[in-house]
Amino acid sequence: MKSLLLILGCSLMCACATYNTADKVSLVSFDDNPTKGKSVGNIRGEDCTWTILGYQLGGLPTVDRAFANARMGVSGGLEAAGFRKAKGNAAIRYVNNVSTKNEGFNAAGLVAKNCIVVSGLGFK
């Protein structure tokens, strides 16, 4: 019985540690008009969560906020914690060759940063 509870507890902990990501996406459009636009070059957006002394500030990072930050041209260090919101004009209409990845660090359990990073070729 104890071993069954231990296995169940470990599986629940592993299930909560996953992130939503997108792989091999050829086009993400923010506009209803899919006509060809002018390239603005490579863009990058991220959504991050900080953990201090084991206490996580805000929720987990999301792909949605990372895309919003890429579109607005801001780096997203504090949105998940509720300290800052993406502002500005939406200059990017769509992104080609989109890739996402998880980044971050953990400094001996004192301070940790978990990020989802979105990058691709942006068009106006």
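Analyst: Arg44 has Ser119 in β5 as its bridge partner. This is a predicted model, where local features need pLDDT of at least 70, side-chain atom pairs count only at pLDDT 80 or more, and totals for chains, interfaces and linings use all residues. Residues are numbered from 1 along each chain as its sequence is written, and side-chain values use heavy atoms, with hydrogens and water left out.

The pair Arg44 and Ser119 belongs to the pairing of β2, residues 39-52, with β5. These strands run antiparallel and are joined by 13 bridges (two strands pair if DSSP finds at least two bridges between them). β5 also pairs with β4, again in the antiparallel sense, over 12 bridges. Strand β5 therefore has bridges to β2 and to β4.

Ala112 is placed in strand β5. Is Ala112 buried or exposed? Ala112 counts as buried because its relative accessible area is 10% (buried is under 20%, exposed over 50%, partly exposed in between, with a 1.4 Å probe and protein chains only). Leaving aside neighbours within four places in sequence, Ala112 is in contact (heavy atoms within 4.5 Å) with Thr49, Trp50, Thr51, Phe105 and Asn106. Thr49 is 63 residues from Ala112 along the chain, yet their C-alpha atoms are separated by 8.3 Å.

β5 also takes part in the largest nonpolar core. This core has 11 residues: Val28, Ile43, Val63, Ala66, Phe67, Ala70, Ile92, Val95, Val98, Ile116 and Val118 (buried Ala, Val, Leu, Ile, Met, Phe, Trp, Tyr and Cys residues joined through side-chain atoms within 4.5 Å). At least two residues of this core come from each of α2 (63-72), β4 (94-107) and β5 (111-123). α2 gives the most, with 4 residues.

Of the 124 residues, 27% are buried. Among contacts with a separation of 6 or more, 67% join residues 24 or more positions apart.
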